[in-house]
Amino acid sequence: AELAKLAVNTFVTTKITFANMLARICEQLPGAQVDTVTSALGLDSRIGPKYLKGAIGYGGPCFPRDSVALATLGTRIGAPVLLAEATHKANLEEVHRLADLVTSMLPPSGVAGILGLAYKPETDVVEESQGLLLAQELAERGISTIAYDPAALGATEHILGDSIKYATSVAKCAQESDVLVITTPWEEFKHIPPQALAGRSAPKVVVDCWRILDRQKYEQLVEYVPLGESIKTPGKE
């Protein structure tokens, strides 16, 4: 039963990581969109559409732990665990890659904003959260960072302390940032107040990791960077 449980979660994380790999490929191909690719992939009844979003790494209290546990078990008993090990390694790289992208888009002395600290919507759990890990890495790089989450500010502050700033609303986080990153697909993040995007540097950059924003609406307001699609660093050719 325990092996089955570890196997289920490791299979799901492998599927997530595969979709994320496709997203990274699409970012380097002109005109490519990961949603188009994964939609086609999900039509195959042997695969199915679940967990094929193609966004950023997985987090939470179960997925990372169980992938590592299966790899550890295999190593201990002398069974090959290369796939589980590769999945875990690839997931760890997601945060570094995203931090590099944000850093490349920031103006001198710019502020990075993060919307989303819980590992998924409708929870305050921040264990292995991509938003929290991104905030931590940016702070370690000496980048001024401000973050907001509807439920997980307290848990994050307990971990990161005063290494970053904490906003009291979506609008406040957007107003004070030069590059704004949506790391958790909370419903309220789909509706960033347009007036909140007018401050600080122009144009402001919004990195939409989950592609939840109304593209036609927000492309008129900011340099819109949806992950999983061809990426051009704003302001650079």
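These legends describe close-up views of a predicted model. Local features need pLDDT of at least 70 and side-chain atom pairs pLDDT 80 or more, while totals for chains, interfaces and linings use all residues. Residues are numbered from 1 along each chain as its sequence is written, and side-chain values use heavy atoms, with hydrogens and water left out.

**View A. Helix α3 crosses helix α4.**
Helix α3 spans residues 63-77 and helix α4 spans residues 82-105. Helices are DSSP runs of H or I with at least four residues, strands are runs of E with at least two, and both are numbered from the N terminus. The two axes come within 9 Å and cross at roughly 145°. Axes are lines fitted to C-alpha atoms, for helices over the stretch in contact; angles between N-to-C directions run from 0 to 180 degrees. The crossing of α3 and α4 is left-handed. That term applies if the near helix is turned anticlockwise from the far one by less than a right angle; clockwise is right-handed.

**View B. Residues where α3 meets α4.**
From α3 come S67, V68, A71 and T75. From α4 come A84, E85 and H88. Contact means heavy atoms within 4.5 Å. The residues of this contact divide into three nonpolar, three polar and one charged. Here Ala, Val, Leu, Ile, Met, Phe, Trp, Tyr, Cys and Pro count as nonpolar, Asp, Glu, Lys and Arg as charged, and the others, Gly among them, as polar.

**View C. D66 pairs with K5 and with R65.**
Side chains of opposite charge can pair when their charged atoms come close. A salt bridge is a side-chain nitrogen of Lys or Arg within 4 Å of a carboxyl oxygen of Asp or Glu. K5 and D66 form one at 2.8 Å, N to O. K5 lies in helix α1 (residues 2-27) and D66 in helix α3, so the pair ties together parts that are 61 residues apart in sequence. R65 also bridges to D66, with the closest N and O atoms 3.2 Å apart. D66 is buried at 2% relative accessibility. K5 is partly exposed at 34%, and R65 is partly exposed at 44%. Buried means under 20% relative accessible area, exposed over 50%, and partly exposed in between (1.4 Å probe, protein chains only).

**View D. A salt-bridge network links R24, E27, E94 and R97.**
The side chains of E94 and R97 meet at 3.8 Å, N to O. These two residues are three apart in helix α4, so about one helical turn separates them. E94 is buried at 10% relative accessibility. R97 is partly exposed at 22%. The whole structure holds 15 salt bridges.

**View E. L29 sits in the loop between α1 and α2.**
Helix α2 covers residues 34-42. L29 is partly exposed at 43% relative accessibility. L29 and G228 are 199 residues apart in sequence. Their C-alpha atoms are 10.0 Å apart in space.

**View F. Cysteines C26 and C173 without a disulfide partner.**
A disulfide is a covalent bond between the sulfur atoms of two cysteines. The cut-off is a pair of cysteine sulfur atoms within 2.5 Å. The structure holds zero disulfides. For C26, the closest cysteine sulfur is in C209, 15 Å away and too far for a bond. For C173, the nearest cysteine sulfur, again that of C209, is 13 Å away. C26 is buried at 4% relative accessibility. C173 is buried at 0%.
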